Amino acid sequence: MLPAWAQDSFVLRGRVLDANTAEPLAGASISLKERPSIGTVSEPDGRYSLSAPPGSYTLLIRYIGYQNQETQLQLFRNETLDLRLTPATYSTREVEVIGTRLKPITQTATMGELDIPMKSVKTLPVLFGETDIMKTVQLMPGIQSGGEGNTGFYVRGGGADQNLIQLDQAVVYNPGHLLNFFSVFNSDAIGSATMIKGNMPARYGGRLSSVLDVELREGSADSLQAEGGIGLIASRLTVQGPLVKDKAAFIFSARRTYVDVVFGPFLRNTEQGGVPFYFYDFNGKVSYTLSPKDKLYLSGYYGKDVGSLTLSSGRFVADFQWGNAAATARWNHRFSDRHSVDVSGILSDYAFDFTWDFGDITTGVETGIRDYTVKTDFAYTPSAQHQIEYGLQYTHHTLRPRTGSAETAEGDVFSTDRVLSKTAHQAALYLSDDWNVTDRLLLSLGIRGSYFAQTGPFTLYEFDQNQRAIDSVAYADGARVKTFQTLEPRFSARYTLSANSSVKASYTRSAQYLHLVSNAYTTLPLDVWVPSSAIVEPQRATQYAVGYFRSFSQNMYEGSLEFYYKTMENQLEYREGFVAGPSNRDLEYEFVRGNGESYGAELFLRKNYGDLQGWLGYTLSRTDRTFPDINQGRTFPARFDRRHDVSLVATYTYNPRWTFGGSFVYGTGQATTMPERRYLIEGTVNYQYGDRNSFRMEPFHRLDLSATLEGKARQRLQSSWTFAIYNVYGRRNPFLYFIDSEGTPYGTDTKVQAKKVSLIPFPLPSVTWNFKW
Amino acid sequence: MRLRYFLLLLLLSSLVACEEDLTIDIPAGQEQLVVEGHIEQGAPPVVVLTRSRPVFAGFSPADIEASFVHGAQVVVSSGGKSYTLKEVPAAAFWPGLRRVVSEQFAIPEAQLTGNSSFIFYVYTSEELLGEVGKSYQLRISYEGRELTSSTTIPNLNPLQELFLQPHPDPEQDSLFILFYRYQDPDTLGNSVRYFTKRNSEPFYPGYFASVFNDELINGVRNLSFPLDRGESLGQEVDLDTYSYFGKGDTIVVRWAAVDIEHYRFWYTLENERNNNGSPIGSPNTTRSNINGGLGVWGGYGVTYHRIVVE
């Protein structure tokens with residue numbers, strides 16, 4: 001019989017900090033040497049906590065790029081201990097791929113959660129040498145890329161609009177620059193990124209498929225530093241330092257492309273006369289320690305894509321721009337070691353604007369969305385057995401649909417005057433508990449109640465078959481038009497089989513109240529977000545997943561095998577025959593609704609340490625849709641249905657100066673709709689199409705390689721060169737298939753030919769110089 | 001001129017893309033009957049009946065011959081009376097029919113004569129002439145297949161006037177932009193299809209967009225807007241001269257009021273053609289008004305307008 005106290009656990013908590021800069025370190029691994037099954041990983045603000053039975057232990061702290069540390073620990077009551085780690089070498093560009101920043105996957109509660117290690121983001125080869133977290137995300141199992149060079153992604157059969165993408169808690173509605181070849185995330189400014197592809201914790205809501213939660217870095221609290229890079233098409237600069245020593249710090253990043261300058265000369269003789277196009281963005285964050293218990297964060301993002309176009313000797317002149325803006329103010333207060341709160345006020349904005357002059361007529365098209373959000377998020381650890389989160393979130397949405405107006409030289413104005421901005425309110429309450437039921441069983445129980453209301457001004461039209469409005473109901477400003485609510489239970493369980501293996505299972509229900517429907521191969525800047533309303537029902541999904549997780553050789557290797565099954569309700573597509581032209585009725589009237597289903601298996605194997613690191617991801621999956629009004633009601637493959645998807649990623653540290661990286665991807669060909677027959681109208685070829693998405697393009701595969709050379713340290717300046725080759729063996733991956741015809745109308749010289757369009761069909765080298773001072 | 005078209009240009013100019021021929025096997029699909037039929041005021045109904053063929057079937061004279069459907073029963077009814085249309089090969093066209101077919105189908109009249117090798121058949125009736133404001137039902141029976149449709153010849157909706165403006169580049173002083181001035185009736189739903197004829201050429205419909213609708217300009221009093229020159233389809237346009245007329249040209253505009261389903265057919269078909277091969281448009285948008293088949297049965301309420309470039 002043990003004494004009563006022996007049955008209790010005590011809690012050790014504190015922060016992991018850089019010994020030199022006092023910058024918090026996220027993702028450091030803390031474990032007990034004597035009890036390897038007990039361990040944890042530090043949070044983004046450096047905080048950690050673990051619980052263990054009373055005893056004397058050796059605390060083992062590991063974090064790549066820093067010296068391992070062992071500390072003696074007497075745990076006979078709850079303790080607080082800050083851990084300061086010393087950098088391993090003078091170089092901060094120590095390379096790691098998926099290093100110890102990751103929690104051992106056997107120990108996390110959630111399923112399908114992946115931390116994206118920023119250092120591996122920076123080492124992997126990418127298009128034009130512009131490193132990008134969204135491209136690293138695509139290399140994970142269960143996540144598909146949106147296409148060649150594209151930052152868009154699809155998770156477990158969900159659409160591109162079903163990913164919640166947040167930057168310091170502000171929703172990013174259009175995460176792409178330059179038609180999605182680059183993301184809005186400047187790697188230099190990012191502290192951490194977490195990808196959750198299912199089983200979202202209850203504090204996240206509003207999207208069906210996944211969460212990509214990106215946090216900006218906190219500035220260095222004790223010295224002024226600069227870093228940046230010069231690449232083929234863009235340059236970056238980040239400055240950080242203290243504002244008030246040990247109290248307040250800032251970080252500021254800027255980036256601009258010069259595609260316009262680089263490619264311009266090659267296109268001088270074409271009609272456009274160059275690439276009149278560029279983008280830029282700024283990130284900034286200020287952190288201020290108000291008291292030992294209070295911290296204030298202010299962060300912001302502002303980015304724009306800007307361009308102009310002149311055609312037909314100046315008869316057509318166009319200017320366009322689009323971009324996101326986000327601002328977050330967050331106050332973190334700790335009531336006690338066990339209880340803390342974050343109160344945040346967030347602005348999120350996306351706007352697209354296009355104006356052109358043609359002849360004497362000036363036309364403008366615009367769309368956008370603006371959110372004001374307030375959130376209160378509590379974290380409470382009443383005992384070592386429970387970790388509770390609860391909170392309240394509210395967002396006010398204003399959605400500007402795609403509207404246009406034209407003005408003639410005589411001053412006549414024509415506009416889509418019936419298409420008006422929509423207003424909506426979204427609120428949610430949530431509660432979750434990570435409950436260590438026994439040493440082996442962890443239950444994660446969550447519930448989220450979400451509420452959505454569309455309010456006026458709004459006019460609901462009824463149309464006849466000729467699309468003429470025959471009736472309408474008008475709602476006044478602020479009047480409630482339609483409300484929706486959803487109870488979203490989230491449940492997962494982890495059962496530890498042994499010190500290095502576990503099984504997990506999860507159930508997730510989620511709702512999505514804002515929708516974006518795109519019939520293009522990629523989301524576009526002028527795609528329109530629309531709210532759930534009297535016309536459109538919320539999308540909802542249910543996901544079940546089970547998995548087996550195992551680590552080998554003290555977490556040197558780890559692997560997982562997960563299975564998921566997901567059903568999606570009220571999925572949206574454009575009705576058949578929809579043409580995206582100017583229209584004086586809400587786009588929502590062009591949607592049809594149906595259901596989706598996705599299921600699959602995901603295998604993940606990763607090597608965490610050593611000179612050679614990397615991972616292999618393989619996904620076998622199927623995604624179908626069934627819409628009464630599409631494909632004559634027959635089930636069809638979703639456009640992003642992909643049977644096989646393979647990613648192989650490796651980096652090799654040859655010596656302290658040279659590091660090599662490579663990635664190989666393979667995917668089943670994209671589903672597309674092809675003409676099966678043809679006929680003539682006015683002597684010219686038209687097509688009769690086969691079933692929706694019934695044709696498969698050739699498979700997609702590509703190898704990218706990179707080499708990084710660390711420069712010799714000169715004084716404080718550290719620098720490195722990254723050389724990369726995108727598409728090493730020049731694979732002509734299909735981007736698009738179509739059937740082309742040419743010839744005289746009614747002529748016997750008419751030719752019909754299938755064509756394939758490839759983007760970047762040859763090896764594309766790039767070089768980037770990065771520095772830190 | 002579409003926004004999406006320019007974003008595509010932008011995409012392709014920003015990145016290096018390549019297009020290559022591809023050999024693929026495509027299922028043969030199900031044969032459908034295709035109607036291309038029109039009726040306009042003062043003219044007989046003309047129906048061209050063909051069948052859809054495998055996408056890679058050729059265009060030899062034998063292939064073209066094989067695509068025409070012979071021996072179908074084609075009936076047009078209006079105001080309680082029915083007219084059975086008879087099949088006539090191009091070589092047997094009489095002058096009036098020749099003119100109507102040439103204008104409606106953009107075929108040079110010279111090809112529609114007895115000594116031409118041009119393979120073309122229509123179903124028509126000399127007993128029925130279209131009238132403004134009337135509606136016409138089409139019924140086709142062929143080997144157990146039944147196709148039906150209905151169209152109207154809308155009230156005439158002429159434009160007010162044509163005028164010309166010089167090319168924006170003063171050095172291009174032989175090129176002119178054609179403008180039209182238009183007053184829209186107060187009722188919503190007026191739609192127009194236009195064709196232009198330059199000197200002795202046939203009438204060609206607008207190349208990228210031949211139809212307009214008043215959804216956004218209903219009841220407009222005095223709209224003036226450029227009218228692009230129609231060109232023969234099937235070839236790439238020369239962007240230097242596209243849309244312009246030349247000094248000395250005699251221009252005739254065929255301005256045809258169409259009903260909304262007829263409008264929608266051309267609007268969606270032209271959208272599909274313009275977007276073919278584009279990554280940002282969806283294919284397969286053409287909306288036929290034929291039940292049980294493909295194509296169009298469309299009435300035209302036609303007015304002609306003439307201007308000489310001096």
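These are my notes on a predicted two-chain model, chains A and B.

**Ground rules.** I number residues from 1 along each chain as its sequence is written, and I letter chains from A and number ligands from 1 in the order in which they are written. Since the model is predicted, local features need pLDDT of at least 70 and side-chain atom pairs count only at pLDDT 80 or more, while totals for chains, interfaces and linings use all residues.

**Confidence.** I looked up pLDDT (the predictor's confidence in each residue, from 0 to 100) for chain B: the mean is 90, and 93% of its residues reach 70 or more. Residues 1–8 of chain B fall below 50, yet this stretch has 16 contacts beyond near neighbours in sequence. Two residues count as in contact if their C-beta atoms, placed from the backbone, lie within 7 Å. For the complex I noted an ipTM of 0.95 and a pTM of 0.86.

**A helix in chain B.** I checked α4(B), residues 260–275: its 16 residues should span 22 Å at 1.5 Å a residue, and its end C-alpha atoms are 22 Å apart, which agrees. The expected span is 1.5 Å times one less than the number of residues. I found 15 of the 16 residues buried, so α4(B) is largely enclosed by the rest of the structure. Buried means 20 or more other C-beta atoms within 10 Å of the residue's own, with C-beta atoms placed from the backbone. After the helix comes Gly277(B), with a positive phi near 85°.

**Where A meets B.** I get 82 residues from chain A and 73 residues from chain B in the contact. Elements giving two or more residues on the chain A side include α3 (259–263), β22 (294–311) and β44 (675–681). β50(A) has the largest share of that side, eight residues. By class, the chain A side splits into 42 nonpolar, 26 polar and 14 charged. Ala, Val, Leu, Ile, Met, Phe, Trp, Tyr, Cys and Pro count as nonpolar, Asp, Glu, Lys and Arg as charged, and the others, Gly among them, as polar.

I also saw β44(A) pair with β4(B), residues 53–54, antiparallel over two bridges; DSSP must find at least two bridges for strands to pair. Arg678(A) stands opposite Arg53(B) there.

**Domains of chain A.** An automatic or database assignment sets the bounds: domain 1 is 4–85 and domain 2 is 215–772. Their centres, over C-alpha atoms, are 36 Å apart.

Note on methods: Helices (H or I, at least four residues) and strands (E, at least two) are DSSP runs, numbered from the N terminus. A residue is buried if 20 or more other C-beta atoms lie within 10 Å of its own, exposed if 12 or fewer, and partly exposed in between; C-beta atoms are placed from the backbone.
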